[in-house]
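The structure comes first, and the notes follow by topic.

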Amino acid sequence: MHIQPSALPQPLYSAESVRALDRRAMVALDIPSIALMKRAGRAAFAELQRRWPEAKRLQVFCGGGNNGGDGYVIAALAAQKQIPVTVYACVAPDQLKGDALEACRFAGREGAHIVTSPLEMDADDGDTVTVDALLGTGFQGPLRENVAAAVERINRAAGPVLAVDIPSGLSADTGSAEQAVRADATVTFIGRKFGLHCGRGPALCGEVVFESLGAPDSVYGDLQPLARRYDSDSLVRLPRRAANSYKNQFGHILVVGGDNGFGGAALMAAESAARAGAGLITLATRPEHLAAALTRCPEVMVHPVISGQELEPLLESPDVIAVGPGLGRAPWGEQLLARAGRAQAPMVLDADALNILAGGRVLAGLKRDDWVLTPHVGEAARLLDCDTAEVLADPRAAAIAIQQKFSGVVILKGAGTLIAHAGGVDLINSGNPGMASGGMGDLLTGVVAALIGQGMDIVEAARLAVWLHGEAGNRAAEDGQRGLLATDLLPWVRRLVD
């Protein structure tokens, strides 16, 4: 039995689905599209004032579509409050149509200063808030020259930047971007866009604020999201332990890895499994690492192995097998993976276990429903026999492709970590840039294995492990991100898992 979450995960939608939500919302609310646009503009302006109440002036960059219309509404509202505002129109007002044209006229009537050349923009300073309303969720392809120049200008702004719905240049569907606005905050409407939370999204959006604009729950109905975003409130958790608990109830984890020169990786995976609550830990590694492992963590049962044959007896008792940390790609690592892959226990594969698997010489064609693969972008590219640029261009598609190729659960690590499984795709934003250092993936491997060993379903274990790992990193980095070491997370893993 596990503790059920107190909240549901957040659905993350594609650009096409959000357009459908807009249409449904207008029908449900019985309002025209311009009224919905004005709601969006008011919501964004209210957030701007809440966040930067001392702002002395605004500069608003507007495109020619509905996103630009939102920007014109913001400009009109600022002018109503006697806040000096200049609008840079990337599309000349006489070329606008529909709601964008009406919003532009609204801004003009209220006294907003509208210009069509960046050269006419006033110089900004730290008291100026810049609003990005150039491109919306429908953006695809490279930026036009004038839009690219506007994006560059926004990114040079001295003061804070607010993005309307999505930073211009960012793909709502994939989170990819070549050239895009870097915002301090993003106010997004009606439906949460997948790209805000994955790929480059977290680096470009700043804090994401969601505004439903009054859309009732009924509009979301049967619309399928691209992914579901989990946080601490929507995750299944481990229950408190009974007073009469004993170690064999909480899983025996076998960690396999640590070729010559890489013993620390396997040991960190073993220790993180212990700190995440596993009852027993066995480490199968090179004989040269025995003394160091016992010195570092005497609670781990260390077995020296020099061949796959010597690993065989150790495969009979564990509840979960974690293979890959420090495994290497030499024959020693290949032998161990080949033997472990035939065991009956659930598995967690990381690091060189994934690279060996990608090579196709070991476990070729094997698909298992009870294993968890934990690649970073480079390993994902090798598993799919493509380059990293293809993975970065559409991380969700890459995660799904790996899951379809190997079955089980795939954790594609990143700023928005994706968890692909037979039931869909989940996303978790947890962690910080300080975690871009060696050994972090080894810790995650141990935590995933420990949670499965304590009786969690492998999908639930993957979700909780990703969040625990990232949140431990956040706690450990409270006094600074640079210089953060993987082992700095271990005390926090212990606290957070309980």
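**Salt bridges and a histidine site**

Arg475 is partly exposed, because its relative accessibility is 29%, a value between the 20% and 50% cut-offs. The model is a predicted one.

**Arg475 and Glu471**

- The partner of Arg475 is Glu471: their side chains form a salt bridge with an N to O distance of 2.9 Å.
- Helix H16, residues 458-476, holds both Arg475 and Glu471, which sit four residues apart, or about one turn of the helix.
- Glu471 has a relative accessibility of 16% and therefore counts as buried, since buried means under 20%.

**A network of salt bridges**

- Glu47, Arg50, Arg51 and Glu207 belong to one network, joined by salt bridges that share partners.

**Glu152 and Arg156**

- A salt bridge links Glu152 to Arg156, with 3.6 Å between the closest N and O atoms.
- Glu152 has a relative accessible area of 45% and so is partly exposed.
- Arg156 reaches 55% relative accessibility and therefore counts as exposed, because the exposed class begins over 50%.

**Asp350 and Lys413**

- Asp350 and Lys413 form a salt bridge through their side chains, at 3.4 Å from N to O.
- Asp350 is in the loop between strand E14 (347-349) and helix H11 (352-359), while Lys413 is in the loop between strand E16 (409-412) and strand E17 (417-421); the pair therefore ties together parts that are 63 residues apart in sequence.
- Both Asp350 and Lys413 are buried.

- His252 is located in strand E10, which covers residues 252-256.
- The relative accessibility of His252 is 12%, so this residue counts as buried.
- A polar contact of 2.7 Å joins the side chain of His252 to the side chain of Thr282.
- Thr282 is also among the contacts of His252 beyond neighbours within four places in sequence, a list that includes Leu280, Ile281 and Met301.

Technical notes:
Residues numbered from 1 in each chain as written. Predicted model: local features only at pLDDT ≥ 70, side-chain atom pairs only at ≥ 80, totals over all residues. Heavy atoms only, no water. Salt bridge = Lys/Arg side-chain N within 4 Å of Asp/Glu carboxyl O. Buried < 20%, exposed > 50% of the residue type's maximum accessible area, 1.4 Å probe, protein only. Helix = DSSP H or I, 4+ residues; strand = E, 2+ residues; numbered from the N terminus. Polar contact = N/O pair within 3.5 Å; in protein donor to acceptor, adjacent residues only side chain to side chain. Contact = heavy atoms within 4.5 Å.
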